[in-house]
Amino acid sequence: MTEPVVITPMSATDAASVLAIYADGIAAGDATFETTVPDWPTFVAARRPDHRWVAREPDGRVLGWVAISPTSGRSAYVGVVEHSVYVASAARGRGIGGLLLRRLIDSTEAADIWTIQSGIFPENDASLALHARAGFRVVGTRERVAQHHGRWRDVILVERRSRVAGR
């Protein structure tokens with residue numbers, strides 16, 4: 001019997017794996033506007049420590065990660081966050097992204113975060129489908145929002161509104 005994938009808090013011991021998965025997503029070209037991988041201190045400084053998770057095999061190998069960043073420093077938006085979710089190319093198609101999003105939803109709702117949002121390139125069909133399965137809705141398309149490798153790119157804005165937080 002195969003042991004299940006486990007979701008654990010992201011830690012500094014995961015740095016190399018997390019950044020390698022991020023680098024793979026950057027290289028693929030349809031995951032982020034970023035073009036370079038930050039160092040670990042920069043990476044973690046931009047993401048809330050209480051909502052950074054990794055999916056790992058029972059042997060400890062990291063298969064993917066999810067994390068949130070605040071969308072604004074204004075107090076009115078304290079319950080609104082932007083998230084990123086990345087799965088190692090060799091682990092795609094196994095439900096890892098769904099497990100990570102479920103853990104993120106649980107942790108953010110427990111912290112009274114009422115909106116999780118993200119911008120997804122329209123070409124990233126797998127991410128759009130993953131988010132739809134996790135209860136995210138399409139808010140709209142931000143057309144030509146920024147340039148990526150010299151060309152203007154659109155993003156589809158998705159959000160998940162909590163049914164329990166922020167009430």
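Which residue in β7 is the bridge partner of Val138? The bridge partner is Val158.

## Basis of the model

This is a predicted model, in which local features need pLDDT of at least 70 and side-chain atom pairs count only at pLDDT 80 or more, while totals for chains, interfaces and linings use all residues. Residues are numbered from 1 along each chain as its sequence is written, and side-chain values use heavy atoms, with hydrogens and water left out.

## The sheet

Seven strands form an open sheet with mixed pairing, in the order β1-β2-β3-β4-β5-β7-β6. Strands (E, at least two residues) and helices (H or I, at least four) are DSSP runs numbered from the N terminus; two strands pair if DSSP finds at least two bridges between them. β1 (6–9) and β6 (137–148) are at the edges with a single partner strand each, so one side of each has no neighbour in the sheet. From one strand to the next, the twist averages 25 degrees.

Helix α1 (residues 15–28) packs on the sheet and touches β2 (53–56), β3 (62–70) and β4, contact meaning heavy atoms within 4.5 Å. The direction of α1 makes about 85 degrees with that of β3 (axes are lines fitted to C-alpha atoms, for helices over the stretch in contact, and angles between N-to-C directions run from 0 to 180 degrees).

## Strand pairs

β4 (residues 80–87) and β5 (residues 115–120) are parallel, with three bridges; Val81 has Ile116 in β5 as its bridge partner. Together with helix α3 (residues 96–110), β4 and β5 make a right-handed β-α-β unit (right-handed if, with the strands pointing away from the viewer, the path from the first strand over the helix to the second runs clockwise).

β5 also pairs with β7 (residues 151–161), in the antiparallel sense over six bridges, and Ser118 stands opposite Val158 in β7. β6 and β7 run antiparallel and are joined by eight bridges.
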